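I opened this entry to log what I looked up, one item at a time. The headings give the topic of each look.

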Amino acid sequence: KSRIKVLAGLESVDYVFLFDDKDPRSWLFEIKPDIHVKAGDYKLSRIVEKDIVEKNGGKIVIAKIIKGYSTTALIDKITKIYKK
């Protein structure tokens, strides 16, 4: 939820939403994003939604993973501090 708030606060981001489906193609068919961002641990050839995004004129962008920077690790660190 914190990631969604941060991303939604960016002026360049139009939509951010959380979904439980393992396959996002139906959502992407509806919203037709210009840019669809995936984490850096994905390979372009293994992104199931690639065809639907590109068919609708969009582009897949794979975000680079920065070593030593992890939102999950940061949240865990904060949680441990405040549990004391």
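This is a predicted model: local features need pLDDT of at least 70, side-chain atom pairs count only at pLDDT 80 or more; totals for chains, interfaces and linings use all residues.

**Entry 1: Lys-32**

I started at Lys-32, which sits in the loop between H2 and S1. I checked the backbone of Lys-32 and found phi near 45°. That is a positive value in a residue other than glycine. Is Lys-32 buried or exposed, or in between? I read 41% relative accessibility, so Lys-32 counts as partly exposed.

**Entry 2: overall layout**

Next I stepped back to the protein chain. I listed 4 helices and 2 strands. In what order do the elements run from the N terminus? I wrote down α-α-β-α-β-α.

I then looked at dimensions. The C-alpha atoms fill a box of roughly 50 × 25 × 25 Å along the principal axes. I set the radius of gyration against the globule rule. A compact globule of 84 residues would come out near 12 Å, but this protein chain has 15 Å. I also looked up burial: 13% of the 84 residues count as buried.

For contacts, I took pairs of residues at least 6 apart in sequence. Of these contacts, 44% join residues at least 24 apart.

**Entry 3: salt bridges**

Side chains of opposite charge can pair when their charged atoms come close. How many salt bridges does the count give here? I got 3 salt bridges. I went through them in turn.

I took Arg-25 and Asp-23 to begin with. Their side chains meet in a salt bridge, 2.4 Å from N to O. Arg-25 is partly exposed, at a relative accessible area of 38%. Asp-23 is partly exposed too, at 29%.

Then I turned to Lys-38 and Glu-49. They form a salt bridge, and the closest N and O atoms are 2.9 Å apart. Which parts of the chain does this pair tie together? Lys-38 lies in strand S1, and Glu-49 lies in the loop between S1 and helix H3 (50-55). The pair therefore ties together parts that are 11 residues apart in sequence. I checked burial for both: Lys-38 is buried, and Glu-49 is buried as well.

I finished with Glu-54 and Lys-50. Their side chains meet in a salt bridge at 2.9 Å, N to O. Both residues lie in helix H3. They are 4 residues apart, about one turn of the helix. Glu-54 counts as partly exposed at 39% relative accessibility. Lys-50 is partly exposed, with a relative accessible area of 21%.

I returned to Arg-25 for its surroundings. Arg-25 lies in helix H2. Which residues does Arg-25 touch, not counting those up to four places away in sequence? I found Val-48, Glu-49 and Ile-52. Glu-49 is also the salt-bridge partner of Lys-38. Arg-25 and Asp-51 are 26 residues apart in sequence, and their C-alpha atoms are 9.1 Å apart in space.

**Entry 4: Phe-17**

Where is Phe-17 placed? I found Phe-17 in the loop between H1 and H2. Phe-17 is partly exposed, with a relative accessible area of 32%. Leaving out residues up to four places away in sequence, Phe-17 touches Ile-4, Trp-27 and Ile-31. I also looked along the chain to Ile-65, which is 48 residues from Phe-17. The C-alpha atoms of Phe-17 and Ile-65 are separated by 21 Å.

**Entry 5: the largest pocket**

Last, I went looking for empty space. Rolling a probe the size of a water molecule over the atoms shows where such space is left. The largest pocket has a volume of about 1900 Å³. How many residues line the largest pocket? I noted 46 residues. Leu-7, Val-16, Val-37, Lys-38 and Ala-39 lie nearest its centre. The elements giving two or more residues to this lining are helix H1 (2-8), helix H2 (25-31), strand S1 (35-38) and helix H4 (71-83).

I then sorted the lining by class. I logged 28 nonpolar, 7 polar and 11 charged residues. Lys-38 ties two entries together: this residue is among those nearest the pocket centre, and Lys-38 also forms the salt bridge with Glu-49.

Conventions:
Residues are numbered from 1 along each chain as its sequence is written. Side-chain values use heavy atoms; hydrogens and water are left out. On a 1 Å grid over the protein atoms alone, a cavity is a set of points where a 1.4 Å probe fits but cannot get out, and a pocket is an open set with protein on both sides within 12 Å along at least five of seven lines; lining residues have an atom within 4 Å of a point. Grid points are joined across faces, edges and corners, and a volume is the space filled by probe spheres set on the points. Ala, Val, Leu, Ile, Met, Phe, Trp, Tyr, Cys and Pro count as nonpolar, Asp, Glu, Lys and Arg as charged, and the others, Gly among them, as polar. A salt bridge is a side-chain nitrogen of Lys or Arg within 4 Å of a carboxyl oxygen of Asp or Glu. Buried means under 20% relative accessible area, exposed over 50%, partly exposed in between (1.4 Å probe, protein chains only). The radius of gyration is taken over C-alpha atoms; the globule rule is 2.2 Å times the number of residues to the power 0.38. Contact means heavy atoms within 4.5 Å.
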